[in-house]
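Colleague: I would like to learn how to read pockets and helix contacts in a model. Could you take me through an example?

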Amino acid sequence: ASLGDGALEWSVGDIRRLPVLDVRAIERSPAAGVVREAFRALARRPIGTVDREATALDRQVLDRALLSCVPALVDRLSELHTALVAAVVERRGRAAS
């Protein structure tokens, strides 16, 4: 349910239907070390705007490493990245209006 200003209320039933990744799988993944190092690199700098982060090489390294932990998503990285950036830009536009 919409609460206005972009806030949403989720029912227990809604949340039960959300797909949730098991983050413990990252530690078991061959990419665990890459994920850790990529995250550390990002943690040392200020996070930029969506537009800047979308093209930041260190952000792309983290995104690719995380997605490699979910094999079904690896081939869709470009498509997912484009959709995510577009969704955030659209949301920012609605919030500004």
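**Pockets and a helix crossing**

Modeller: This model is predicted. We can begin with a pocket lining: the second largest pocket is lined by Leu 21, Asp 22, Val 23, Ala 25, Ile 26, Leu 66, Leu 67, Cys 69, Val 70 and Leu 73.

Colleague: How much space lies in the second largest pocket, and which helices each supply at least two residues of its lining?

Modeller: The space is about 190 Å³. Helix H2 (24-28) and H5 each supply at least two lining residues. By class, the lining has 9 nonpolar residues, no polar ones and 1 charged.

Colleague: How are H5 and H7 placed relative to each other?

Modeller: For a helix pair, read the distance and the angle between axes. The axes of H5 (residues 57-68) and H7 (residues 77-96) come within 11 Å and cross at roughly 120°. Angles of 65 to 115 degrees count as roughly perpendicular and those over 145 as roughly antiparallel, so H5 and H7 are oblique to each other. The crossing is right-handed.

Colleague: Which residues make the contact?

Modeller: Asp 63, Arg 64 and Leu 67 of H5, with Leu 77, Leu 80 and His 81 of H7. By class, that is 3 nonpolar, 1 polar and 2 charged residues.

Conventions. Residues numbered from 1 in each chain as written. Predicted model: local features only at pLDDT ≥ 70, side-chain atom pairs only at ≥ 80, totals over all residues. Heavy atoms only, no water. Axes fitted to C-alpha atoms, helices over the stretch in contact; angles between N-to-C directions. Helix = DSSP H or I, 4+ residues; strand = E, 2+ residues; numbered from the N terminus. Parallel < 35°, antiparallel > 145°, perpendicular 65-115°, else oblique. Left-handed = near helix turned anticlockwise from the far one by under 90°. Contact = heavy atoms within 4.5 Å. Nonpolar A, V, L, I, M, F, W, Y, C, P; charged D, E, K, R; others polar. 1 Å grid on protein atoms, 1.4 Å probe; cavity = no way out; pocket = protein on both sides within 12 Å on 5 of 7 lines; lining within 4 Å. Points joined across faces, edges and corners; volume = space filled by probe spheres on them.
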